[in-house]
Amino acid sequence: QLQLVESGGGLVQPGGSLRLSCAVSGFSLDNHAIGWFRQAPGKEREGVSCVSSLDGNTYYSESVKGRFTISRDVAKNTAYLQMNSLKPDDTAVYYCAAPPAQTCERLQAALYDYWGQGTQVTVSS
């Protein structure tokens, strides 16, 4: 059974940092791409970042490029999203997700089959 469990969200001031974790079971990060998405109230789900298990390439949305970094620890079967220089408009529920593939599918949410429960990130002074 495939499971993804996010953790690490919380309240942080603008300019601060958080690291989100995604613990994976039922599949290996050697064989599936892993991505991060976020959704704020009233807005569509947005693809944030992904790392391919095929070639290790990483992808980022323009809104987070240069501030966020995705990584994975295959031995721990855990993915991470390091978030720096946080802004109030980064506030959202963050989800990790996996497609049934090794590639990132251009961070299209509809092509990701496996989702975590989400963790809330709030950026506010």
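A residue is called buried when its relative accessible area is under 20%. The exercises below apply this cut-off, among other things, to the cysteines of a predicted model.

**Exercise 1.** Decide whether C50 and C104 are buried or exposed.

*Solution.* Begin with C50, whose relative accessibility is 0%, so that this residue counts as buried. Continue with C104, which has a relative accessible area of 4% and is therefore buried as well.

**Exercise 2.** Describe the bond between C50 and C104, and find which parts of the chain the pair ties together.

*Solution.* In general, a disulfide is a covalent bond between the sulfur atoms of two cysteines. The sulfur atoms of C50 and C104 lie 2.1 Å apart, and the two residues form a disulfide. Because C50 belongs to strand β5 (residues 46-51) while C104 sits in the loop between β9 and β10 (114-115), the pair ties together parts that are 54 residues apart in sequence. The torsion about this S-S bond is about -85 degrees, so the disulfide of C50 and C104 is left-handed.

**Exercise 3.** Carry out the corresponding description for C22 and C96.

*Solution.* C22 and C96 form a disulfide in which the sulfur atoms are 2.1 Å apart. This pair links distant parts of the chain, since C22 is found in strand β3 (residues 18-25) and C96 in strand β9 (residues 92-98), 74 residues apart. Here the torsion about the S-S bond is about 70 degrees, so the disulfide of C22 and C96 is right-handed. Both C22 and C96 are buried.

Conventions: Residues numbered from 1 in each chain as written. Predicted model: local features only at pLDDT ≥ 70, side-chain atom pairs only at ≥ 80, totals over all residues. Heavy atoms only, no water. Disulfide = S-S within 2.5 Å. Helix = DSSP H or I, 4+ residues; strand = E, 2+ residues; numbered from the N terminus. Buried < 20%, exposed > 50% of the residue type's maximum accessible area, 1.4 Å probe, protein only.
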